[in-house]
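Biologist: I'd like a close look at one part of this model, if you can walk me through it. Here is what I have on my screen.

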Amino acid sequence: MSEKPKTKNFAEKVFGSEENSAASLGEKKLNKYSNIAVKMFHTSVLSTKEMMLPAVGQFATKMTWSIGLYRTLYFVNVLKIDMVYVTAILALISIYDVLNNPLMGAVYDKTRTRWGKSRPYIMFTAVPYFLSTAMLYSGAMFLGDSSGNDPKKIVFVFVMLFVQETFSTIYTIPRDNLVTLQSANPKDRITVGLLVEYIGELGSQLIYVIFPPLMELNNKGYIDFDLSTLYMVLATVSAIIGCTSNIAMAIGCRERIVLQPKPAPVSKSIFYVLKNKYALRNFIADFSVSWWSDGGYSWDVVTQQEIFGGSIPSFIAYLPNNVFNTLSVAFIPSFQKLFKNNNKRAVVALRIWDIFSVVGMVALGWNLVDNKWAIIAVYAIFYGLNGLNNGPANVFEAELRREINDYTEYVTGERPDGTVNILTDLIKKVTQPINAVLTIVLFKWSGYDATIPMLPWSQGSKLIYQKVFFLFTGVSIIPNIIRMIPYIFYDLEGEKRERMYIALNERRALVAKEQENEQMNEMIDEMSEMLESEQ
């Protein structure tokens, strides 16, 4: 008498592996691909071009993002649109964003082309994204000197933000996932992540070096510089670099990771976070602090202009971090050796380091806020100390997050990179009212009067500036501690991590064979030849 198949209980159905995943397929099916799986995990395959092109694309993206930090200033001070209309436009775009992101995530997850999964989107959506951004910040040049609330200006801003947000979503999700699809080798991914992080940071720094000093000189009456021209030039430069680099990236970067040919339904894939205990812990941590706020104001600008005393003293305060931030790249091999290539230990230790820097900054700076050069020295020392580990911390954490996403593919057989964050994003929207209330409470708690021009010590109160300095530097301590907790329990390390990747790559090879995937077979031959030549 044959045995009845064992019925899975609820926990096994929700948290157990899917039947066609690498975690559940039998060794008999997977072992025949063990050699190529080991090679995929241990062999670097990316060319210098494939490492540099994503980084150049990130340079332009970070430039565009940094210009966006000053977009409200552009709408109100340059286009002269009333803040009520600006707030209404941004609220409508935010509502649209809630609908746009899940839709694009679902479409991206179902994409399978002979060009790959990410490259077609990067090829055809980077141009409209960067061009719409350039047009948005060039509006003052052709809208004329009509009244600030001219309907033409309001419609123009809404339409351009709508177009920009649409193509930003379509472009960003594939671009962020391209590195994972390029190579299964951790060294490759860490190297690309490092280049993307630091060349992208140069794009941000370029905007920060140019924009705030010119704004300060204008405010103090030293120069009469046309800000509309500045916005147009910076946005146009970032658009030119962004369009050319992203097209080059789509053409020059190969996708070597072969995925399941028929993806799971969206209704199922959004719950795959439940099958990934590591992602689930991160989700709980993020949700628990999604209501957190810093008061919702530009406390960095207030600190620079009113406490530090302007652009030159602020430059001195930021100088150690800017220098050490770049030099920290050189420390990555040392930290890899120190933590024995264990990303979890490295991330936890380096994030504790960051928390210590913030605590020291707030504790020593609280009573010195009325002593200009003393508070600059405190900030420079502790922010510089924070910068010493930025390179290793950012790169190791990025790879740790990729491992967590890879674990989803390991236990489910699917890679829902586009839809896996839908629940997180929606729940954050649910907690936004709490965030808004906390923003109002913290702003009132600060006692800061935003109607007073930003000039050194213009508020005239030590207590107000103590609170401003805390909102700028220390309010993130609690969320950062909570977000670090899941990493303490992360156990996908050592042999367990390597076994997961071997099984995952075995399944990828199996899927490629079942599809008779020519690109995968070429890659297998290429890697075999490479290993033979090295031997």
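Biologist: What is the relative accessible area of Ile316?

Modeller: Ile316 comes out at 38%, so it counts as partly exposed; that class lies between buried, under 20% relative accessible area, and exposed, over 50%, with a 1.4 Å probe and protein chains only. Bear in mind that this is a predicted model, where local features need pLDDT of at least 70, side-chain atom pairs count only at pLDDT 80 or more, and totals for chains, interfaces and linings use all residues. Numbering runs from 1 along each chain as its sequence is written, and side-chain values use heavy atoms, with hydrogens and water left out.

Ile316 sits in helix α15; helices here are DSSP runs of H or I, at least four residues, numbered from the N terminus. Together with Ile312, Phe315, Leu319, Val323, Phe324, Leu327 and Trp373, Ile316 makes a nonpolar surface patch of about 770 Å². To join such a patch, a residue needs over 30% relative accessible area and no salt bridge, and nonpolar side chains (Val, Leu, Ile, Met, Phe, Trp, Tyr) are joined within 5 Å. A salt bridge would be a side-chain nitrogen of Lys or Arg within 4 Å of a carboxyl oxygen of Asp or Glu. The areas come from the Shrake-Rupley method with a 1.4 Å probe. Helix α15, residues 311-327, gives the most to the patch, with seven residues.

Now to some aromatic rings. Phe, Tyr and Trp rings (the six-membered one for Trp) pair if their centres lie within 6.5 Å; planes under 30 degrees apart are stacked, over 60 edge-to-face, and the rest tilted. That rule gives 29 aromatic pairs. One of them is Tyr74 with Tyr231, tilted, at 4.8 Å centre to centre and 55° between the planes. Tyr74 belongs to helix α5 (residues 71-78) and Tyr231 to helix α11 (residues 227-252), so this pair ties together parts 157 residues apart in sequence. Both tyrosines, Tyr74 and Tyr231, are buried. Another tilted pair is Tyr379 and Tyr383, at 5.0 Å centre to centre and 35° between the planes. These two are four residues apart in helix α18 (residues 372-387), so about one helical turn separates Tyr379 and Tyr383. Tyr379 is buried at 3% relative accessible area, whereas Tyr383 is partly exposed at 24%. Ring pairs also link Tyr70, Tyr74, Phe75, Tyr137, Phe211 and Tyr231 into a cluster.

How values were computed. Patches are made of residues with over 30% relative accessible area and no salt bridge: like charges are joined within 9 Å, nonpolar side chains (Val, Leu, Ile, Met, Phe, Trp, Tyr) within 5 Å.
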